[in-house]
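Please examine the sequence and the structure below before reading further. The explanation that follows is written to be read with both in view.

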Amino acid sequence: MIKGKVTIPTDKNMNDYIKDIIEKWGADAIRDCDGTKLGEEITGLGVKNYSTYLTTRNDQDFIRENMDEVQQLYLMSEPVVATSNNIKIDLLKGYFKEQFDIDKVHDEKLWWEVIDRTTGEVLDNNKWTFDRENGKVLIEEAVMWHKYTVNFLVYMIWDPTQMYNHITNDWGDKPHEVPYDCRQPKSQKHMLELLEKWLDENPEIDVVRFTTFFHHFTLCFNEIGKEKFVDWFGYSSSVSPKAMEDFEKDKGYKLRSEDIVDEGYYNSPFRVPTKEYKDYIDFQSKWVASLAKKMVDMCHEKGKEAMMFLGDNWIGTEPYGKYFENIGLDAVVGSVGNGATMRMISDIPGVKYTEGRFLPYFFPDVFTEGGDPVKEGQENWLQARRAILRKPLERIGYGGYLGLTKEFPEFVDEVEKICNEFREIHETIKGTKSYTSLKVGVLNSWGKLRTWQTNQVAHALWYREIYSYVGVIECLSGMPVDVEFISFDDIKERGISDDIKVIINAGDAYTAWSGGDNWMDEKLVSKIREWVYNGGGFIGVGDPTACQYQGRYFQLDDVMGVDKEIGFSLSTRKYNDINDKHFLLEDIDEELDFGEGMDGVYAKGDNYQILSKDREYSNLVVNTFGKGRSVYFAGLPYTPQNCRLLLRAVYFVAGREDEMKKYYVTNVNTECAAFEELGKVVVINNTRYIQNTDLIIGGEIKEQLKLNPMEMRWIEYK
């Protein structure tokens, strides 16, 4: 058995079992976890030793002696309606008081804002006071029936990850860990000294796994310890008076608390980002990269590798940002929830290798009576595998507490199969790249910065409002196309790159993903219209180009051949007939799945064809615009059939239908990837059932295959 490329977690008092798993899974690296440490017997097994390093909560004695340097963030109070002219706002109402402590150190009149949310006006400081003893803001002369909130500073007195682990694993009386702020001079000096000491005291550690660096993604809990607000991409947990002052020196203007609080949305990635927020991301990322580089350099000086976990405290370490490569990391490891998150990790530039932590996580919420870790592990691997064949990770692994797997031998056997298959891929492809036919540009407000991260709330979690859009990215992650994420600013400033043949715009109206007011920019719409007219391909999903302006809702209604009825044009008659005979639907046998769909979309113009309708409104429409083509989808959740549907749409709008069957399989539950340098094609069964499929190469049937559940089969064709 070929071994290597696999990292496993450890556990307390389970040395013999750890040795057995190393042998069975072919692991060549071990890692500790939150609450565990590698013992001498384990570190001497001849495998690589990873050790988690928590830069901002390693020394709890230090921070409890320096509570003025605890990390801070802005929160917005729950809104209060004025039923009298004098009202009280309980600042921490709705928040978990074990997580936050109101900032009573900095001048509230200088750093807080009380806002009339009915008018948007900021109240004069002489109209409100802070009751420090009771944690309330008192407003005088409030306008009756107006709604008021307070943007206020708090100290984060419980690290969100440790809190989550504490609650999930029922750690009882284990002390709460408090994060310290790397911007504070005393904390920063102590962090660097502590790392130096730790490196010297742990010579057996080969890889320092920073988890991650300094500021945790925004994760706030409610009054009963449940998640209240989660933004895996958010920066609001990196704000403090010192950060605001440093920002002003760096950028030349002063931020408001409202630039961070953002009406209570906290600059969710679904919000079209403001200049101020983009400036703050740039400012924080530059700072984090400079301090992280010092730590990475220290690791290298001691002969150790430096690895970053893409999660937890990853604010400012945007892997597709302009400062990331300056950090000098050896590796990035991240959680693989699906194909899109796999590609988010494997495509990261500027590191020597990438590693994916697969699911399920070894926690008692899955490894318990009634849990099905085998099924979860299989489904995770099936979605990730199709993307791995396009851009593989160098390593895989698992996280959590290894001892929990001992009572699930079927799961242990399943992971053995997954590890062997992962190594088989690497041994077979030998570093070569799978065939891709063309490049697709995914267009939104964030562009490159959010590569493989569009429409996500938290890491690979399912939400009803987004699965119809996340599905587009998930489908793309394993398709034979190159993918580039581009922004509206990219097109306005530099136009559309010659190598992009298809543009996809997918998302709800007025979100960052669809674009909102960007579509009122005449330069943007003119450049895209010209590009499509001259032969480009455009795919819209949900509310593409949506912005009510100048008598239309979809600003590229002429390109797509559809617009959306929002009640303004009911007096205008709409006559739409379906014609479902088309290239897009030739492989499609089952009922079309548009997810949540989109009500009110109707076809218009002279060059459209409706392929699917829901009563009088359209779900799937193709259109021609000059020499170009478009396809509109009401939604596209991830399913094997929708992967095929999107693949056909890409070839259709690019005008390359004849090229689609260069490497192709007939069954939508199967896919193939060609490695032309090797003369090999791999065919995968993306289900846990037997599938029959024909492999087509160069338009001719090469083989008729019967694939076992989850099978991966390599076929030589030269």
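The paragraphs below treat the pockets and then a residue in a strand.

This is a predicted model, in which local features need pLDDT of at least 70 and side-chain atom pairs count only at pLDDT 80 or more, while totals for chains, interfaces and linings use all residues. Residues are numbered from 1 along each chain as its sequence is written, and side-chain values use heavy atoms, with hydrogens and water left out.

The largest pocket has a volume of about 1,000 Å³. Among its 38 lining residues, Y164, D312, S335, R357 and Y361 are the closest to its centre. On a 1 Å grid over the protein atoms alone, a pocket is an open set of points where a 1.4 Å probe fits, with protein on both sides within 12 Å along at least five of seven lines, and lining residues have an atom within 4 Å of a point. The volume is the space filled by probe spheres set on the points.

Three elements, α5 (160-168), β15 (227-231) and β16 (305-310), each supply at least two residues of this lining, and α5 gives the most, with four residues. Helices (H or I, at least four residues) and strands (E, at least two) are DSSP runs numbered from the N terminus. By class, the lining of the largest pocket has 20 nonpolar, nine polar and nine charged residues; Asp, Glu, Lys and Arg count as charged, Ala, Val, Leu, Ile, Met, Phe, Trp, Tyr, Cys and Pro as nonpolar, and the others, Gly among them, as polar.

The second largest pocket holds about 880 Å³ of space. Its lining comprises 35 residues, with Y320, W446, K448, L449 and D490 nearest its centre. The elements α9 (275-301), β21 (482-487) and α14 (488-494) give two or more residues each to this lining, which divides into 14 nonpolar, nine polar and 12 charged residues.

Attention now turns to a single residue. T670 belongs to strand β32 (residues 670-675). Is T670 buried or exposed? T670 counts as buried because its relative accessibility is 0%, and buried means under 20% relative accessible area. The side chain of T670 has a polar atom 2.7 Å from the backbone oxygen of N667, and it also makes a polar contact (a pair of N or O atoms within 3.5 Å, one able to donate a hydrogen and the other to accept it) with the side chain of T693, at 3.1 Å.

Conventions: Buried means under 20% relative accessible area, exposed over 50%, partly exposed in between (1.4 Å probe, protein chains only).
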